[in-house]
Number of protein chains: 2
Amino acid sequence: MKQHLTYLVILLMILSGSLSVAQTVKEDFKPTSTNQPGKDYPMVNSEGRVRTSIVAPDADTVLLDISAVKYNLTKDENGVWTGESGPQDEGFHYYQIWVDGAAVPDPNSLYYYGAMRWGSGIEVPAHDQEFYELKNVPHGQTREIYFPSKSTNTSRRAFVYTPPDYEKNLDKRYPVLYLQHGYGENEYGWPNQGKANLIMDNLIAEGKAKPFIIVMTYGMTNDVKVGGLRNFSIKPFQTVLIDELIPYIDANFRTLPDQPDRAMAGLSMGGFETKLITLSNLDTFSSIGLFSGGSISLDDVNNTPGFKDKVKLVFVSYGGREIENMKNRPRSGPFGGDPKEGIEAISKEGINAHFYVSPKTAHEWQSWRRSLHEFAQLLFKN
Amino acid sequence: MKQHLTYLVILLMILSGSLSVAQTVKEDFKPTSTNQPGKDYPMVNSEGRVRTSIVAPDADTVLLDISAVKYNLTKDENGVWTGESGPQDEGFHYYQIWVDGAAVPDPNSLYYYGAMRWGSGIEVPAHDQEFYELKNVPHGQTREIYFPSKSTNTSRRAFVYTPPDYEKNLDKRYPVLYLQHGYGENEYGWPNQGKANLIMDNLIAEGKAKPFIIVMTYGMTNDVKVGGLRNFSIKPFQTVLIDELIPYIDANFRTLPDQPDRAMAGLSMGGFETKLITLSNLDTFSSIGLFSGGSISLDDVNNTPGFKDKVKLVFVSYGGREIENMKNRPRSGPFGGDPKEGIEAISKEGINAHFYVSPKTAHEWQSWRRSLHEFAQLLFKN
């Protein structure tokens, strides 16, 4: 009993941050796949710690800022600052460097759009990373296109993934998935840090996914005006997507331009958009994927005319750490409630609904890569 | 006479740098097209000065480093550093910021690969910029592909521009231009800062260029080992291009897979590569473009068996400031001699050869955008 109490006190001290645990850092750091060509730093070790290094001879303070924590770097006699973070989850993370109060990208890393800026990103090796590795298999193409948009009076960018056999079988037509990024991100998210193309190339090579086209465009999520997300209107993006992009894709790619062969999915706020758009356009979409972005409840099904007849697939996923947070703080999460309960309830009603949890990851890209990997294997198969 | 002498003395003083001209900076700065979304800085004024701004409250010295000159920024009471450069040429320039001795990208700019790193780039508005603007015309696609390379044991990236009607006329086949970046750059150069896709979309919309495919891959220019460029061997890249990439493109795109419909061009070291590869592969290429990268002399023609029969087009170009430098320092430039003389000499021998000078630009992207714009109008037309 006394021993249990001791454990409990130590646990509470750790949780409350009052216990400083001496940390030995494992010295097996290696350069990462997201380094600029020829750069030794940043590095990651087997614990998932990120070590970065920057030349700043006249600086007084240099910090590494990753996953909302800032770590002090230390200076050597040559003016080179080096230091490392605590262990990070497997997968991709945004980060930055602070030099005497200036928040700047790490000059040694590749750059990604997220958190409302182009800046540094880092890849922490994952035990399952082979599913998104560049392998010697047939590769599809990721195409940058510009489509005309009358509603916004612009030519708008989209990225279109076409599967490996698209240029070989000129008579074949393909289903299409419209795939959305999250808040603070843009259309580069899925093709860059999301690795959507490599996930698909590998699944198709293994015969695990039906070849389909993926269309990724900017979901206008960052155009939120003062007043915050409460005032976000889905209408501008819905108009671009339904009235402009989909007709353009169907006219310029060899699609199967019908409801059974059209899906929409998105992560976080892109999931929120997906739910809003699909439920009011069930003659356009038959499959729905929400990655860390809400769920579909029995109420949703009952309040949406034709849901049971028209929807072929519902897929809802979260990172394991997100689920833990929901359990600890019920209904305090961004979307409230238990998403799994909703999926179980609509499954009982005969909906083809799936729930997936990404092990040991949070609201981050590794959860969403795994979600696409699971979702793609279910899509367009019935 | 006395007045003339005074002018002459002042002119000599200005040229020799001994006269410090008080500079009034025109206050008509505007955000640039290469800013990150939503960022007011950097800005450029009508003189081509670049003004940048960065928050760095604890820094002692912040510099703007552009076109090999460093400019001091000054700090305001909020810790914001701001300042501007001297006038820059029209077009695109790489730059960076120094914060207390750390060379970092400007957190407000978009990032480009050049000078051997991903870092800041800025667009100075040009009087002729409409030829590479995003307009409401039919757009081609820029496709990221991976092709298998046995010689390097990798899947290698290339970008492939397909013209606007490529997906409409599925029976049509197209000529192909292989287009190379310079030293310190990579395969992202032409599709990003080079704006090859927009230049072609606009030319095709005006009926000024024949629609063709452009293939852009990494020319392995930065893999030079100790010993410098003298030890550069063209063989590894020639093997990738001739034995691996061209067969892949001909098998996976609707090309006209023959010598009359295949061209190669490159800028700077990419021009050097183009000359080496085309002259020893005249059964593969019929058209040659060298942008700020050497010339074709009468000796080259006479020493290359079959040149007169096989070569349909030679195009050589330079920035006007490069030509000025060559005149001031004859034979001291990277390529020696007068490139125009060579073109005039081979023209007299009946070669279809063109020489172009980009007005008031140096060894920089504006020269090369204009060069592509001129070259494309001549290609595949006879």
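Before looking, I noted the rule for angles: under 35 degrees counts as roughly parallel, over 145 as roughly antiparallel, 65 to 115 as roughly perpendicular, and the rest as oblique. I also reminded myself that this is a predicted model.

My first stop was chain B, where helix α2 (residues 196–205) packs against helix α9 (residues 365–378) at an angle of about 40 degrees. Their axes are 10 Å apart. With the rule in hand, I could therefore call α2(B) and α9(B) oblique to each other. I also noted that α2(B) passes α9(B) in a right-handed crossing.

Which residues make this contact? From α2(B) I listed A196(B), I199(B), M200(B) and L203(B). From α9(B) I listed R369(B), L372(B), H373(B), A376(B) and Q377(B). Sorting the residues of this contact by class gave me 6 nonpolar, 2 polar and 1 charged.

Next I looked up helix α3 (residues 235–252) and helix α4 (residues 269–279), both of chain B. Their axes come within 11 Å and cross at roughly 65 degrees. Here, too, I wrote down a right-handed crossing, with α3(B) passing α4(B).

On the α3(B) side I found F237(B), Q238(B), L241(B) and I242(B), which meet E273(B), L276(B) and I277(B) in α4(B). By class, this contact has 5 nonpolar, 1 polar and 1 charged residues.

I began with a reminder to myself: most residues other than glycine have a negative phi, and most peptide bonds are trans. Then I went looking for exceptions.

P42(A) sits in the loop between β1 (30–31) and β2 (43–44) of chain A. In chain B, the bond from Y41(B) to P42(B) is cis, with omega near -5 degrees. I placed P42(B) in the loop between β1 (30–31) and β2 (43–44) of chain B.

For positive phi, I noted S67(B), whose phi is near 50 degrees although the residue is not a glycine. S67(B) is in the loop between β4 (62–66) and β5 (69–72) of chain B. Is S67(B) partly exposed or buried? Its relative accessibility is 42%, so S67(B) counts as partly exposed.

A115(B), not a glycine either, has a positive phi of about 55 degrees. I found A115(B) in the loop between β10 (111–114) and β11 (117–124) of chain B. A115(B) counts as exposed because its relative accessibility is 53%, and the cut-off for exposed is over 50%.

**Entry: one arginine and its contacts**

I picked R321(B), found in helix α7 (residues 320–328) of chain B. At 36% relative accessibility, R321(B) counts as partly exposed. What does R321(B) touch, not counting residues up to four places away in sequence? My list reads D89(B), K360(B), T361(B) and A362(B). I looked at K360(B) again: R321(B) and K360(B) are 39 residues apart in sequence, yet 5.9 Å apart in space, C-alpha to C-alpha.

**Entry: where the chains meet**

Last, I turned to the two chains together. I noted 45 residues of chain B in contact with 45 residues of chain A. The area buried between chain B and chain A is about 3500 Å², and carbon and sulfur atoms give 53% of it. Of the area that chain B buries against chain A, D100(B), W118(B) and Y146(B) supply 14%, more than any other three residues.

Note on methods
Residues are numbered from 1 along each chain as its sequence is written. Chains are lettered from A and ligands numbered from 1 in the order in which they are written. This is a predicted model: local features need pLDDT of at least 70, side-chain atom pairs count only at pLDDT 80 or more; totals for chains, interfaces and linings use all residues. Side-chain values use heavy atoms; hydrogens and water are left out. Axes are lines fitted to C-alpha atoms, for helices over the stretch in contact, and angles run from 0 to 180 degrees between N-to-C directions. Helices (H or I, at least four residues) and strands (E, at least two) are DSSP runs, numbered from the N terminus. A crossing is left-handed if the near helix is turned anticlockwise from the far one by less than a right angle, and right-handed if clockwise. Contact means heavy atoms within 4.5 Å. Ala, Val, Leu, Ile, Met, Phe, Trp, Tyr, Cys and Pro count as nonpolar, Asp, Glu, Lys and Arg as charged, and the others, Gly among them, as polar. Buried means under 20% relative accessible area, exposed over 50%, partly exposed in between (1.4 Å probe, protein chains only). Buried area is the accessible area (1.4 Å probe) that two parts lose on being put together, summed over both.
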